[in-house]
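User: Please walk me through this model. I want the criteria behind each label, and the values set against them.

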Amino acid sequence: MGDLNEYNFILDASSLEKGLGNIKRWCQEARGKIVLRLYIPTYTLQELDFLKYKRKSFGAREALKFIDQATSEYPDIIVEFPETLDVVLWSEITSSVDDKHVDMLNRLPRRFKNLLKSCIYKCQLEENRLKWILVAEDPKVKELADICSIPVSYTHLTLP
């Protein structure tokens with residue numbers, strides 16, 4: 001394959017709901033030029049389902065449709081197995097943050113804890129040690145990622 005650039009992105013629900021056009025463009029531009037791996041946590045699917053059915057979000061509906069189509073079209077789109085969440089103990093996450101944030105993290109709803117567990121697994125614990133970046137548009141998710149030392153970016157970044 002040569003020295004292709006590699007990009008490994010963990011997609012949160014806000015990145016797919018608000019930045020789907022950019023993500024589709026990445027997939028098109030990546031063909032044959034770069035390696036683009038997209039990881040979709042269980043959190044993301046559940047959040048998009050919630051937004052689709054409870055909030056009637058058109059963006060969430062389109063994102064879920066894209067995921068369904070793209071997983072067969074692009075081999076490097078990985079949907080998380082729910083069992084992955086069992087691999088990461090919550091204590092592993094809270095032990096790596098400073099004390100002033102532990103209480104706040106412990107009070108988070110389970111869905112945010114699950115997203116953090118997915119990100120910690122991909123960024124710090126997975127054996128292949130690829131460099132993963134969380135892509136999110138939600139300021140709360142970005143704040144949580146920063147607290148947990150998870151690299152984070154927006155969907156508007158441009159791939160070479």
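Analyst: Start with contact: two residues are in contact when heavy atoms lie within 4.5 Å. The model is predicted, with local features needing pLDDT of at least 70, side-chain atom pairs counting only at pLDDT 80 or more, and totals for chains, interfaces and linings using all residues. Numbering runs from 1 along each chain as its sequence is written, and side-chain values use heavy atoms, without hydrogens and water.

User: Which residues does T42 touch, not counting those up to four places away in sequence?

Analyst: They are E80, F81, P82 and L85. T42 itself sits in helix α2, residues 42-54. Helices here are DSSP runs of H or I with at least four residues, strands are runs of E with at least two, and both are numbered from the N terminus.

User: Why does T42 count as buried?

Analyst: Buried means under 20% relative accessible area, exposed means over 50%, and partly exposed is in between, with a 1.4 Å probe and protein chains only. T42 has 10% relative accessibility, so it counts as buried.

User: What makes L116 buried, and which residues surround it in contact terms?

Analyst: L116 has 3% relative accessibility, so the buried label applies. It lies in helix α7, residues 110-125. Leaving aside neighbours within four places in sequence, L116 is in contact with W90, I93, L105, L108, L144, A145, C148 and I150. Y53 is 63 residues away from L116 in sequence, and their C-alpha atoms are 24 Å apart.

User: Where is A30, and why is it called buried?

Analyst: A30 belongs to helix α1, residues 13-30. Its relative accessible area is 7%, so A30 is buried. Y7 is 23 residues from A30 along the chain, with 9.5 Å between the C-alpha atoms.

User: What stands out in the phi of K56 and of S149?

Analyst: Most residues other than glycine have a negative phi. K56 has a positive phi, near 55°, and is not glycine. S149 also has a positive phi near 55° and is not glycine.

User: Are K56 and S149 buried or exposed, and where do they sit?

Analyst: K56 is at 65% relative accessibility, so it counts as exposed. It is found in the loop between α2 and α3 (58-73). S149 is at 53%, so it counts as exposed too. Its loop lies between α8 (139-147) and β5.

User: How do you know which strands pair, and what is the strand order?

Analyst: Two strands pair if DSSP finds at least two bridges between them. The sheet is open, has five strands in the order β3-β2-β1-β4-β5, and pairs in parallel. Its edge strands are β3 (77-79) and β5 (152-153), each pairing on one side only.

User: How many bridges link β2 to β1 and to β3?

Analyst: Six bridges join β1 (residues 5-11) to β2, in parallel. Three bridges join β2 (residues 34-40) to β3, also parallel.

User: What makes β2 largely enclosed?

Analyst: Seven of its seven residues are buried, so β2 is largely enclosed by the rest of the structure. I34, L36, L38 and I40 point one way. V35, R37 and Y39 point the other way.

User: Why does the overall size agree with a compact globule?

Analyst: The radius of gyration is taken over C-alpha atoms, and the globule rule is 2.2 Å times the number of residues to the power 0.38. For 160 residues a compact globule would be near 15 Å, and the protein has 15 Å, so the two agree. The C-alpha trace spans about 45 × 40 × 30 Å along its principal axes.

User: What are the secondary structure totals, and what share of residues is buried?

Analyst: There are eight helices and five strands. From the N terminus they run β-α-β-α-α-β-α-α-α-α-β-α-β. Of the 160 residues, 49% count as buried. Among contacts between residues at least 6 apart in sequence, 72% join residues at least 24 apart.
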